[in-house]
Every structure is written in C-alpha cells, then in structure tokens.
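Student: I have a new chain to study. Can we go through it by question and answer?

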Amino acid sequence: MAPSPWSNLCTTLFFIVLFTVPVFFLLHTTKTISICSSIPDAQWSWSGDLRQAEFSWNRLQFSRSDPPPVSLKIAVFSRKWPINTIPGGMERHAHTLHTALAHRGHRVHVYTSPPDWGMGEAGGSDPKTMPRIHWPEGDPGKWKYRPAWELFVEEDQREAFDVVHSESVAIPHWLARDVPNLVVTWHGIASEGLQSLIYQDLTRGPKENISTTFESEKEGIIPKLLDEIRFFKSYAHHIAISDSCGEMLKDIYQIPNKRVHVIINGVDEDDFQADAKLGLQFRSKIGLPKNASLVIGVAGRLVRDKGHPLLYGAFPRLLQKYPNVYLVVAGSGPWARRYKELGPRVLVLGSMSPSELRAFYNSIDIFLNPTLRPQGLDLTMMEAMMIGKPIMASRFPSIRGSIVVKDEFGFLFSPNVESLSDTMEDVIKVGAARLAQMGKACREYATSRFTASKMSSAYERLFLCIRDETYCKYS
C-alpha cells in the first residue's frame, strides 16, 4: 500500500526539523553559556528589569526578608502531588517549591488529582505554613482539569489569587489565555521530544528494525510541535528550567523575551548533605565489597529515553579490564531486568525515597546521567552535586550550559555507547581520590545555584513582579 500524502508530509517535516533544530542550539548556546557560566559570581553584577534577564535567575541574590514584603495568594495546578508516595521529578519540584513558599508565609492552594484514599481538601500539620491541597471528585490519580478549575474559580471569587501557577499543561491553553497573571513552568516540550526521539533511534543496532513505536511517534511529534508553537503564546509567562530551554522558547516557539524567565529547579539542601559515614554504611548494606576501587551511580526511571540503552551497552565493556569497578542502579523500570543480567557487579536497588537517595548518593564516587532528553535537567544531578559528587552526563546544551559548566564539575560524552564507554574509562583512570576533590567544587557550585531557597526566592520575586511591577526592578 502506498504511503498517504499525510504520512509523506510528516516524514518530510520530521527531517526538516531534524536538521534545523540543532542550528538554533548552535546559534544561541554560546551566548547563553558565556553570560551564565564564564564569569565567576564574585566578579559578576547585573541590574535592570528582571523581565529582560537573559540568564537564569538563580544567579541573582534576592532579599529573604521575613516575613516577605507581601503575603501572596497563589493557586497551583499540578497533575499529581506527592502524598505518601515516591514522587517523580515534576512532583518533587512542585512539592519542594510550594512548600518553601508556604513556609515563607504565602497562602498556597494546590489543585491536583485525588489520592488513592479519598478526595476533598487537606493541608499540612500547620495550615499557615503548608500548602492547602484541593482534590476534585474523580478517579484516584487521574487528572481532570474541569472540576479542578471549578474549585479554583469558587475560591478566586472569595478572594482573588495574586498569581496562578501551572506545572506544564495542567491548565489547558484555552483556559490560560484569559488569565493574565498565569505562569507556566515547562518540564517537557515537543521540541525536546523530537530531539529525544532522534537520539533514541540512533541507539538502535545496525540489524535492529525500526520500532512501530518510533514510526507512530514520528508521525505524531511534528503536529504536536506545531500545535505547541501556536498555543504556547496563550500563557502569559513562561518559566524554562534550563538556559537552553529558555532559548528554545524564544527562538522556535517565538515567545517574546520579556515573557520567558529561566529558573533552574532546586533541591532541599537540608535533605542532601554530605555524610561519609552514611555512605559507608549504605555500601555495606547493599553488599559492596571494601576493595571496590570505583562506584558509579545512576538513578531515576529505567526507561529508554533516560539513556539506559547506552549504559547497558557500555558498562559490560569495562567488566573484564577493571574487576573492582561497580555500578549501582537506583530506580525501577523495564531496564532493571536487563541490568540484573550483567552480573554481581551491577547492583539494582529499585525505587528509593528521598531519604534513601541521600544514602545512595553518599555511597558513590560519581553520578552518571546518560539521558537522551536534550533539554531537561534531572533533579538527580543537582542532588548528587549538592552532596558533593561529580557528574558524568550526556553532552547536551542544557547540561553543558547549566550543570557541568566547568571541567572540574565532571565529564561529558556524546550520547552513544562508544563515547560513554571511553568516558567511563577516563573516569576510572582519574580515580576516586581525584573525583572526591572535584565533588567539593560541585557542592560549592550547587549550593550557590540549585538550592530550594534559591529557587523559591526566584519564583517569589517573579510572582511579586507579576502582582506589582515595582518588584520587577533589580539592582
């Protein structure tokens, strides 16, 4: 059967975007990195309208007056909210951010999907310092924006919200276009999905057939990208979680500069502290031998787009040559079974709570993130750096421009098996003692950029700016 005209069009558009998207990166990544990373904070200063800032707000020093100058009433829309579960990255971000804002004295109302054990609303042990959670009627864990929006409108009519915050498309664009004080944080966009799809297919072996999933996603991703370019402008303010994502929103999605703000996610610095004793205890608990010369750690969902085909293909190349090198995998997913097949020097631990992750990070020598998603910045990298571990990661603009901005912070590799294998061998030759020195530099950098207080201060200032332009001025 001959391919349809629509199929041919999708294929043509796919390859057009394949070769044009990287051009945008080349045009703008150099500028972003030079502004954000080449000048040490101690020698760097800036003043002006925050809405015109072309770097991440994490670089700036915001006043942490207590209480804040204004107690804001904030509405948050998030598809999920961590309630007695091990949350994903976006839910962890939302919980960390809005709990911090509530602790600051802001009145935070969260609209999310019902938990497994009921519906209605709930707050923390102290409603004055914890977000108030609203659960509309519906199936547990299933997000329905209409009943959530009705609850929001009811509360807004009692007392208007100062700002409305949507985690990705929790609020659809046809509702967002009528909300001038709305801010959306993008945790994943179609342009990223397109690039990720390309890199995932490049991991396919020479004798491996193109998957039916790739074919269907290939045809769907271009229309999705075009739709996003058309409707993203409906959102008043956009927060990008990496410098490169900010450039993408301006260049491909054509969002005006003053409506795009880069605020990199942060992690709770109290939860991720260096603790050598805890690390040694964890090594003993999971069965790592004392003669392990190097321990590489990886964490997160064990799925294809997180780069696990690369690691699965690269690590076995080292097993015979370096008998005392170990890989510790924290997470769950389809690739867990395959890792277990690699033998006793690969330890698969399953999903872990934040407190367990702290012990995991302290036990490793270097953290590996082989992601095939070019724009996102996984919280795991920030958590590892906060504890004082160097990073080994895919050489993407988001990571090179915001995380591994100096050689002292880690190692970058091209997203293929050969490059990852070579880089791991370089890491082994460097040795654990040198990696520990690099980790100290990582911790210093992370505590200056990636803390929950840094992130929440930046969001607070943006929310104040939206409420009152006086707060948009920075000096």
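Predicted model: local features only at pLDDT ≥ 70, side-chain atom pairs only at ≥ 80, totals over all residues.

Student: How many helices and strands does the chain have?
Tutor: Both are DSSP runs, numbered from the N terminus: helices are H or I with at least four residues, strands are E with at least two. Counted that way, the chain has 17 helices and 16 strands.

Student: What percentage of the residues in the chain is buried?
Tutor: Buried means under 20% relative accessible area, exposed means over 50%, and partly exposed is in between (1.4 Å probe, protein chains only). The chain has 475 residues, and the buried part is 57%.

Student: Which residues have the most contacts inside the largest nonpolar core?
Tutor: A nonpolar core is a set of buried Ala, Val, Leu, Ile, Met, Phe, Trp, Tyr and Cys residues joined through side-chain atoms within 4.5 Å. The largest one has 80 residues. Its residues with the most contacts are F77, Y253 and F360.

Student: Which helix gives the most to this core?
Tutor: The core draws at least three residues from each of domain 1 (48–266 + 453–474) and domain 2 (276–450). Those bounds come from an automatic or database domain assignment. The helix that gives the most supplies seven residues and spans residues 379–387: it is α13.

Student: What is F77 in contact with, leaving aside its neighbours within four places in sequence?
Tutor: Contact means heavy atoms within 4.5 Å. The list for F77 includes Y111, V164, H165, S166, E167, A170 and I171.

Student: How is strand β3 placed, and which residue in it is the bridge partner of K73?
Tutor: Strand β3 covers residues 107–111, and four of its five residues are buried. Two strands pair if DSSP finds at least two bridges between them. β3 runs parallel to β2 with five bridges, and parallel to β5 (residues 132–135) with three. The partner of K73 in β3 is R107.

Student: What is the handedness of the crossover from β11 to β12?
Tutor: β11 (residues 325–330) and β12 (residues 346–350) pair in the parallel sense over four bridges. The chain passes between them through helix α11 (residues 335–340). A crossover is right-handed if, with the strands pointing away from the viewer, the path from the first strand over the helix to the second runs clockwise. This β-α-β crossover is right-handed.

Student: How many of the residues of helix α7 are buried?
Tutor: Helix α7 has nine residues, 243–251, and is mostly covered. The buried ones include D243, E247 and K250.

Student: How far apart in space are R64 and S453, C-alpha to C-alpha?
Tutor: R64 lies in the loop between β1 (48–49) and β2 (73–77). Its relative accessibility is 36%, so R64 counts as partly exposed. Its contacts beyond four places in sequence include R104 and S453. R64 and S453 are 389 residues apart in sequence, yet in space they are apart by 9.0 Å.

Student: Which residue has its backbone oxygen 2.6 Å from a polar atom of the S398 side chain?
Tutor: S398 is in helix α14 (residues 397–402). S398 counts as buried because its relative accessibility is 0%. The backbone oxygen 2.6 Å from its side chain belongs to P374.

Definitions and conventions
Residues numbered from 1 in each chain as written. Heavy atoms only, no water. Polar contact = N/O pair within 3.5 Å; in protein donor to acceptor, adjacent residues only side chain to side chain.
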